[in-house]
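Work through the two exercises below with the structure open. Each task is followed by a solution in steps.

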Amino acid sequence: SQDPLVIFTPSGKRGRFPAGTPVLTAARQLGVDLDSVCGGRGICSKCQVQPSYGEFSKHGVTVHEDALSDWNKVEARYDEKRGLKPGRRLGCQATILRDVVIDVPAESQVHKQVVRKRAEAHDIILNPTVRLAYIEVAEPDMHDPAGDLERVKAALAEQWDIPTVDADLHILGQLQPALRKGAWKITVALHQGNSDPAPRIMHLWPGFYDGTIYGIAVDLGSTTIAAHLCDLRTGAVTASSGIMNPQIRFGEDLMSRVSYAMMNETGAAEMTAAVREGMNTLFARISEEAGIETSLIMDAVFVCNPVMHHLFLGIDPYELGQAPFALATSGALRLMARDLDLSIHPAARTYILPCIAGHVGADAAAVALSEAPDKSEDLVLIVDVGTNAEIQLGNKTRVLACSSPTGPAFEGAQISSGQRAAPGAIERVEIDPVTKAPRFKVIGSDLWSTDAGFAEETAVTGITGICGSGIIEAIAEMRMAGIVDASGLIGSAEQTGTPLCIPDGRTHSYVLHDGRAEDGPLITVTNPDIRAIQMAKAALYAGARLLMDKMEVETVDRVVLAGAFGAHISPKHAMVLGMIPDAPLEKVTSAGNAAGTGARIALLNRDARGEIEETVGRIEKIETAIEPRFQEHFVNASAMPNAAEPFPLLRA
Ligand code: FES
């Protein structure tokens with residue numbers, strides 16, 4: 001009679017194996033993705049499977065309830081000590097008896113899918129650069145002159161099918177005591193980057209290491225540094241944290257930091273030291289939050305704009321301050337963490353994504369990795385707004401990118417009552433089109449300042465100013481309520497019919513909140529505020545429009561707003577101001593911190609690194625500074641929504 005038929009789900013891979021074959025062996029032969037750290041010794045429990053019955057019986061495959069051999073001793077011991085979920089078996093111990101359908105649960109797959117929260121985003125396939133392998137090493141012998149490392153290599157080849165490995169120098173010093181302490185059993189951490197021909201042993205533990213290892217994905221911004229600590233065995237985010245970039249004391253925005261470096265001989269070096277120190281503070285904090293040692297962080301991925309990139313690497317950003325904006329290098333970088341003074345595992349590797357151009361950095365490359373415009377069927381416009389807007393337009397045949405100097409107005413700077421997005425800042429605004437009275441919400445409170453009918457006041461206290469998303473909503477609402485005209489001029493009380501429009505020098509201001517009676521602030525939107533936002537939005541719009549010209553299109557299919565700013569901005573208000581080209585509102589989505597997500601993808605999947613390096617090579621860079629059309633679009637776009645181009649979808 002024939003050998004039993006084995007079908008694995010969800011892969012659907014199948015084959016016949018002699019009775020008595022371990023499930024793990026069958027899985028390996030069929031190329032089924034079944035995890036193991038201990039190499040089938042019943043120690044790690046990563047190989048758990050769930051025999052499932054009946055599911056395929058309709059299709060002519062008969063399976064039996066006793067299709068796997070009985071619970072063996074190793075499993076029984078494991079179950080007693082650690083407990084196995086009901087119905088679960090250790091794939092390395094259970095052997096096949098008869099035809100069987102075996103389910104490999106998600107957590108037992110090596111290349112697990114790490115699910116992203118957004119519905120339209122692709123999941124991440126877990127395939128990190130660092131992995132663990134437990135081996136049992138032959139003891140030395142007077143008749144065999146092979147060194148300990150050579151016997152470790154032989155064990156990896158034989159037990160893990162890893163034909164060649166290298167070892168870091170520090171490993172050689174640790175190897176002999178570890179082997180003897182672990183009674184010739186050790187667990188090794190192997191690092192293999194996407195372009196490395198063979199893995200390297202970067203760490204070892206005597207015996208079986210039961211813990212996990214971590215990687216960190218860092219979004220190094222000019223204002224904040226944000227990091228996700230990820231479990232490299234599961235792909236889960238263990239902790240997230242952020243700090244202010246300590247370079248702020250050298251200058252609020254990028255250009256002031258570049259000029260600090262130009263004016264002071266040690267300026268660049270000071271800023272390099274500051275950001276690296278800040279990075280270590282952040283790593284210590286996030287590790288403490290997660291309750292782990294920083295030395296368990298074995299891989300780190302960084303994304304950043306070109307100026308941050310150079311300063312982090314210790315390169316003077318001088319050339320980035322002037323045309324033609326030459327980068328010291330635009331390629332992806334693989335460096336030792338210790339070369340960047342980072343206090344994580346002493347042998348940890350780091351990866352810095354490639355830069356797209358002198359103004360379009362590794363952060364934009366990370367956005368491209370996360371949002372994958374190069375794989376999109378429809379034409380997508382991706383806008384990442386900071387002090388520079390980084391804009392990408394494309395689909396699977398062609399992707400263009402540029403950056404546009406929007407300035408810091410969208411972050412609340414240059415605005416009379418402006419502030420960073422922090423508790424106390426007005427972040428949402430509505431204006432009643434009839435009474436022209438405002439209501440608003442501040443960060444840190446769920447309450448609106450008045451009820452939905454704009455009548456009943458609620459006690460919103462601690463108002464300190466208005467942040468970027470707040471000022472955009474305020475101006476868009478003012479435009480819709482007829483308080484400000486298309487050219488950006490605020491009307492007088494007589495013209496608008498509301499006493500909230502007060503004279504302010506030779507123009508008028510609109511009062512959003514008057515807290516002076518309680519010693520609070522007077523928060524107004526002034527004409528210079530509107531001017532600053534008009535300039536910023538015109539730059540953003542002109543950049544997008546320039547890419548559309550180059551692509552020879554009049555419309556885009558969808559718009560993705562990326563970045564912290566994109567996460568907070570309301571698409572409707574952005575469109576009313578003409579910040580982004582006209583598109584159906586439901587086709588405007590927010591991607592949240594897409595650069596941070598891109599960093600996490602590159603951390604969890606080493607093949608994604610090769611992919612983005614290749615994609616960045618294909619993205620066409622457009623330099624706005626030398627394009628006359630950019631100026632034309634800019635001038636046209638300062639009106640709200642703007643002078644020459646129609647916004648038919650907005651009206652509808
Ligand atoms: Fe480790 Fe089965 S492979 S317990």
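**Exercise 1.** In which sense do strand β21 and β22 pair, and over how many bridges?

*Solution.* Step 1: β21 covers residues 425-431 and pairs with β22 in the antiparallel sense over five bridges. Pairing requires that DSSP finds at least two bridges between the strands. Strands (E, at least two residues) and helices (H or I, at least four) are DSSP runs numbered from the N terminus. The model is predicted: local features need pLDDT of at least 70, side-chain atom pairs count only at pLDDT 80 or more, and totals for chains, interfaces and linings use all residues. Residue numbers start from 1 along each chain as its sequence is written.

Step 2: opposite R428 stands K441 of β22.

Step 3: the open sheet has three strands in the order β22-β21-β23, and its pairing is mixed. β22 (438-442) and β23 (465-466) are the edge strands, each pairing on one side only.

Step 4: helix α9 (residues 468-480) lies across β21 and β23 and runs at about 15 degrees to β21. Angles run from 0 to 180 degrees between N-to-C directions, with axes fitted to C-alpha atoms, for helices over the stretch in contact. Contact between two residues means that their C-beta atoms, placed from the backbone, lie within 7 Å.

**Exercise 2.** How far apart do the C-alpha centres of domain 4 and domain 5 lie?

*Solution.* Step 1: the centres are 30 Å apart; domain bounds come from an automatic or database domain assignment.

Step 2: domain 4 gives 10 residues to the contact and domain 5 gives 13 residues.

Step 3: on the domain 4 side, α12 (563-568) and α13 (571-577) each give two or more residues. The largest share, four residues, comes from α13.
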